[in-house]
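Visitor: I have a structure here that I have not seen before. Could you walk me through a few parts of it?

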Amino acid sequence: MKKHCIFALALVLSLLVGVVGVSVAAEPVYTIRVGHTLAPTHPYNLGMLHFGELIAKKTDGRVKVEVFHSSQLGSERDLIEGLQLGSVEMTIISTAPLAGFTPDFLVFDLPFVFADVKTARACVDSEIGQKMLDQLASQGIKGLFFFENGFRSVTNSRRAITKPEDLAGIKIRTMENPIHMDSFRVMGADPTPMAFGELFTALQQKTIDGQENPLAIIDTSAFYEVQDYLSLTEHFYSPAPVLMAKAYYDKLPADIQKAISECLIESRAYQRGLLDEMNASLLDTLAKRGMKVNKVDKEPFIKAVQPIYEQYTGKIPADLIERVKNFK
Ligand code: EAX
């Protein structure tokens, strides 16, 4: 008899726990998969992990962020298309691949368009940047905020680049962006567009001589292992828009959309801060890792790429170029 009572009690308790369990987790959980191309130690990844911690806390666990680094979910072009198809919910990328989807983004790819990082951040965070992000809606993409990739410099395995003429004949990988390719072509280099995920192997196998990226990528993607020279051209500034699948975003409740914005704004400051910290010591670090680092006089490079401004005025509205170039 006693055994039966204990069994019945255990059955009632397990049913009760089961019922309580179901009612406690009645709130839906939203899982946001974030894809990007960079290494787990890069601030793209650290910034997205930070966002995941903030949003889980702010929504009491209702939003779960899963971050996929190192091109696990594909190249930046794949990720943009993934947002449109709904195979991924969020990405952080460089603006360069967006030029194929919304030409106005090309303005951020103009060589030497920003004089310093403070101006660049202020411009992309202004209504100019917001308007650019809003344009993506017609492509099924919710443009949220600009994080940062940074000023891009040239590395290669053949020679120090001290003046534009030194680029003659250098086979340099570029992002899939017409301004990037034309800018290197006009300086005498031989540009090859390539997805980031293929870049390290191409450098290792010497199918290309060089590439161009910010210091934090050169370090966290270990390009110092396959590149001898780092020349501080800082020729392009790459903002890093955080984008969501619009169809997914539009279905989220307003309080979740608000929480996402608040947490991204906080993570943006954190992510840019990480880059500032890294940039303060990376020149020494990369020299210690064996790279021959040289500064450059930017004036001859700025002069050499002036034809790009003539060539792209029209494709990019002239007034937009003026506003970005003269942003204060
Ligand atoms: O956005 O492709 C590149 O060189 C980019 O800097 C990288 O994918 C991060």
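Visitor: Where does Ala222 lie?
Guide: Ala222 lies in the loop between helix 8 and strand 8. Helices (H or I, at least four residues) and strands (E, at least two) are DSSP runs, numbered from the N terminus. This is a predicted model, in which local features need pLDDT of at least 70 and side-chain atom pairs count only at pLDDT 80 or more, while totals for chains, interfaces and linings use all residues. Residues are numbered from 1 along each chain as its sequence is written, and side-chain values use heavy atoms, with hydrogens and water left out.

Visitor: Is Ala222 buried or exposed?
Guide: Ala222 is buried, with a relative accessible area of 15%. Buried means under 20% relative accessible area, exposed over 50%, and partly exposed in between (1.4 Å probe, protein chains only).

Visitor: What about the phi of Ala222?
Guide: Ala222 has a positive phi of about 55 degrees, although it is not a glycine. Glu234 is not a glycine either, and has a positive phi of about 45 degrees.

Visitor: Where is Glu234, then?
Guide: Glu234 is in strand 8. Its relative accessibility is 32%, so it counts as partly exposed. Glu234 is also one of the residues closest to the centre of the largest pocket, along with Val117, Phe151, Leu215 and Asn279.

Visitor: What counts as a pocket?
Guide: The search runs on a 1 Å grid over the protein atoms alone. A pocket is an open set of points with protein on both sides within 12 Å along at least five of seven lines, and a cavity is a set of points where a 1.4 Å probe fits but cannot get out. Lining residues have an atom within 4 Å of a point.

Visitor: What volume does the largest pocket have?
Guide: The largest pocket has a volume of about 380 Å³. Grid points are joined across faces, edges and corners, and a volume is the space filled by probe spheres set on the points.

Visitor: Which elements line the largest pocket?
Guide: Two or more lining residues come from each of helix 4 (117-124), strand 4 (141-156), helix 8 (215-220), strand 8 (229-245) and helix 10. Strand 4 has the largest share, five residues.

Visitor: And what classes are in that lining?
Guide: The lining of the largest pocket has 11 nonpolar, four polar and seven charged residues. Ala, Val, Leu, Ile, Met, Phe, Trp, Tyr, Cys and Pro count as nonpolar, Asp, Glu, Lys and Arg as charged, and the others, Gly among them, as polar.

Visitor: What about the second largest pocket?
Guide: Its volume is about 280 Å³. The second largest pocket is lined by 16 residues, and Phe112, Val113, Phe114, Ala115 and Asp116 lie nearest its centre. Helix 4 gives the most to this lining, with three residues.

Visitor: How many cavities of 30 Å³ or more are there?
Guide: The count comes to two. The largest cavity holds about 170 Å³ of space. Its lining has 18 residues, and the closest to the centre are Glu76, Pro97, Arg173, Met175 and Phe196.

Visitor: And what lines the second largest cavity?
Guide: Phe112, Val154, Leu167, Phe184, Met187, Thr233, His235 and Phe301 line the second largest cavity. By class, six are nonpolar, two are polar and none is charged. About 30 Å³ of space lies in this cavity.

Visitor: Changing topic, where is Ala202 found?
Guide: Ala202 is found in helix 7 (residues 199-204). At 6% relative accessibility, Ala202 counts as buried. Leaving aside neighbours within four places in sequence, Ala202 is in contact with Met194, Thr207 and Ile208, where contact means heavy atoms within 4.5 Å.

Visitor: How do helix 2 and helix 10 cross?
Guide: The axes of helix 2 (residues 43-58) and helix 10 (residues 254-288) come within 8 Å and cross at roughly 145 degrees. Axes are lines fitted to C-alpha atoms, for helices over the stretch in contact, and angles run from 0 to 180 degrees between N-to-C directions.

Visitor: Which residues make that contact?
Guide: Among them are Pro43, Tyr44 and Leu46 of helix 2 and Ala259, Ile260 and Glu262 of helix 10. The residues of the contact divide into 15 nonpolar, four polar and three charged.
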